[in-house]
Amino acid sequence: MNQCAKQQAITTDTELKSVYQKLSEKTDAEGQVRLQTAQEAWVTYRTKECKFKNRRTADGSVHPMVISYCYTNMTQERIKTLQAQLDCEEGHLACTKQ
């Protein structure tokens, strides 16, 4: 189960990297720097949030699995966020300048 959960997290992370790369390519130089900074902060946040949420399993054999599922769930949400920016219509005020 741990391996299956880990593989799912890896697959989702690969999808995130693809969406991130597409958005980065669509973004101007300043936006790329800001996107990279935001992404690095998000990765740190995801790690710390999953450790916090699953601290009760830290000493158990189930811990790697629940951490992987946490990473997967949070990464799926991040994909939606980046994809929304990627699909934004020109002129929409909620979108970043691209």
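1. Let's begin with a term you will need: a residue is called buried when its relative accessible area is under 20%, exposed when that value is over 50%, and partly exposed in between. Aspartate 28 has a relative accessible area of 27%, so this residue counts as partly exposed. You can find aspartate 28 in the loop between α1 and α2. Please keep in mind as you read that this is a predicted model.

2. Now step back to the whole chain. The protein chain has three helices and zero strands, and its pattern along the sequence reads α-α-α. Its C-alpha atoms fill a box of roughly 50 × 20 × 20 Å along the principal axes. Of the 98 residues, 34% count as buried.

3. How far apart are the C-alpha atoms of aspartate 28 and cysteine 50? These two residues are 22 apart along the chain, and their C-alpha atoms are separated by 32 Å. For the chain in general, look at contacts between residues at least 6 apart in sequence: 70% of these join residues at least 24 apart.

4. Next, look at how two of the helices meet. Two packed helices are described by the angle between their axes and the distance between the axes. Here, the axes of α1 (residues 2-26) and α3 (residues 63-86) come within 8 Å and cross at roughly 20 degrees. Angles under 35 degrees count as roughly parallel, so α1 is roughly parallel to α3. Their crossing is left-handed. Sorted by class, the contact of α1 with α3 has 13 nonpolar, nine polar and six charged residues.

5. Then turn to the inside. In soluble globular proteins, nonpolar side chains tend to be buried together. The largest nonpolar core in this model has 13 residues, and those touching the most other members are Leu16, Leu23, Leu35, Cys50, Met74 and Leu82. Helices α1, α2 (29-53) and α3 each supply at least two residues of this core. Which helix gives the most to this core? That is α3, with six residues.

6. Is arginine 46 buried or exposed? Its relative accessible area is 9%, which is under 20%, so arginine 46 is buried.

Definitions and conventions:
Residues numbered from 1 in each chain as written. Predicted model: local features only at pLDDT ≥ 70, side-chain atom pairs only at ≥ 80, totals over all residues. Heavy atoms only, no water. Axes fitted to C-alpha atoms, helices over the stretch in contact; angles between N-to-C directions. Helix = DSSP H or I, 4+ residues; strand = E, 2+ residues; numbered from the N terminus. Parallel < 35°, antiparallel > 145°, perpendicular 65-115°, else oblique. Left-handed = near helix turned anticlockwise from the far one by under 90°. Nonpolar A, V, L, I, M, F, W, Y, C, P; charged D, E, K, R; others polar. Core = buried A, V, L, I, M, F, W, Y, C linked by side-chain atoms within 4.5 Å. Buried < 20%, exposed > 50% of the residue type's maximum accessible area, 1.4 Å probe, protein only. Contact = heavy atoms within 4.5 Å.
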